[in-house]
Amino acid sequence: ADIPVIPDLEEVQEEDLAMQVAAPPSVQVNRVLTYHDLDKDLMKYAAFQTLDGEVDLKLLTKVLAPEHELREDVSWDWDHLFTEVSSELVTEWDLGQSERED
């Protein structure tokens, strides 16, 4: 009776597991921090001002760009981007070839 038995494939197919849904995990989330809150915490706590207790990050934290400067409103189009990069590479390659010939 203690010996585990491997079920037959027909038995497994009879069970309709497709209609069963796992219950979602229950995690209590009070509040998600905003970038503004994170920026305040970065300047407030000394733990963020050194790395491994040796590297001083104060200068870096003073010159970090704010979030609104990092947001881009430009949409990226693969075909346009690929054409632009290819064109620049061909131009650089042509300039390199002409400099070698001179």
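Starting at the N terminus, the elements of the protein chain follow the order α-α-β-β-α-α-α. That comes to 5 helices and 2 strands, counted as DSSP runs (H or I, at least four residues, for helices; E, at least two, for strands) and numbered from the N terminus. The model is predicted, so local features need pLDDT of at least 70 and side-chain atom pairs pLDDT 80 or more, while totals for chains, interfaces and linings use all residues. Residues are numbered from 1 along each chain as its sequence is written, and side-chain values use heavy atoms, without hydrogens and water.

Colour by pLDDT, the predictor's confidence in each residue from 0 to 100. The chain averages 77, and 79% of the residues score at least 70.

Next, show the surface. The protein chain exposes about 10500 Å², 58% of it from carbon and sulfur atoms (Shrake-Rupley method, 1.4 Å probe). Of the 102 residues, 4% are buried (under 20% relative accessible area; exposed is over 50%).

Now select Trp-76, in the loop between helix 4 (67-70) and helix 5 (78-101). Trp-76 is exposed, with a relative accessible area of 63%.

Key. Buried < 20%, exposed > 50% of the residue type's maximum accessible area, 1.4 Å probe, protein only.
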